Amino acid sequence: MNLFPACFVTPLELEGLRRQMQFRRLVVQETVRFKNKTAGLLMEVGAEYEGRRLHGKRYFGELMKSNQAIREELRPLLEFNRRRSRGW
């Protein structure tokens, strides 16, 4: 009777690609979340940093060594976020 419109069903060839894209989106979201948390932790203690360079390996290392505003109890959290924000 055709009372209901036909539904779109993803072709099998595209299902694998779709799954990969969903997973990539998840990984990117988590990476951004960790980067934002790192910046947020630094803002909480009033540490000055350059936002564009914050996630660079060399700059982050220099920041951890030279910035006195970063207390010892905060350093493990920043290091953990740094490792997570570099990607999975």
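Rings of Phe, Tyr and Trp (its six-membered ring) count as a pair if their centres lie within 6.5 Å, with planes under 30 degrees apart called stacked, over 60 edge-to-face and the rest tilted. By this rule, the count here comes to one aromatic pair. The model is predicted, with local features needing pLDDT of at least 70 and side-chain atom pairs counting only at pLDDT 80 or more, while totals for chains, interfaces and linings use all residues. Residues are numbered from 1 along each chain as its sequence is written, and side-chain values use heavy atoms, leaving out hydrogens and water.

**The aromatic pair**

- Phe34 and Phe80 form an edge-to-face pair, at 6.0 Å centre to centre and with 75° between the planes.

**Helix α2 against helix α3**

- Helix α2 (residues 57-66) packs with helix α3 (residues 75-85) at an angle of about 175°, and their axes are 12 Å apart. That makes α2 roughly antiparallel to α3.
- The axes are lines fitted to C-alpha atoms, for helices over the stretch in contact, and the angles run from 0 to 180 degrees between N-to-C directions. Angles under 35 degrees count as roughly parallel, over 145 as roughly antiparallel, 65 to 115 as roughly perpendicular and the rest as oblique.
- On the α2 side, Lys57, Phe60, Met64 and Lys65 meet Arg75, Leu78, Glu79 and Arg82 of α3, where contact means heavy atoms within 4.5 Å.
- By class, this contact of α2 with α3 has three nonpolar, no polar and five charged residues. The classes take Ala, Val, Leu, Ile, Met, Phe, Trp, Tyr, Cys and Pro as nonpolar, Asp, Glu, Lys and Arg as charged, and the others, Gly among them, as polar.

**Salt bridges**

- How many salt bridges does a search of the whole structure find? There are four, each being a side-chain nitrogen of Lys or Arg within 4 Å of a carboxyl oxygen of Asp or Glu.
- Glu30 and Arg33 are joined by one of them, at 2.4 Å from N to O. Both residues lie in helix α1 (residues 12-45), three residues apart, about one turn of the helix.
- Another links Arg53 with Glu50, whose closest N and O atoms are 3.3 Å apart. Arg53 is partly exposed at 39% relative accessibility, and Glu50 is partly exposed at 40%.
- The side chains of Arg71 and Glu73 also meet in a salt bridge, at 2.6 Å from N to O. Arg71 counts as partly exposed at 44% relative accessibility, while Glu73 counts as exposed at 51%.

- Thr38 lies in helix α1 and is buried, with 2% relative accessibility.
- Which residues does Thr38 contact, leaving aside its neighbours within four places in sequence? They are Leu54, His55, Phe60, Leu78, Asn81 and Arg82.
- Val27 has its place in helix α1 as well, and its 21% relative accessibility makes this residue partly exposed.
- Between Val27 and Leu63 there are 36 residues of separation in sequence and 26 Å in space, C-alpha to C-alpha.

Terms used: Helix = DSSP H or I, 4+ residues; strand = E, 2+ residues; numbered from the N terminus. Buried < 20%, exposed > 50% of the residue type's maximum accessible area, 1.4 Å probe, protein only.
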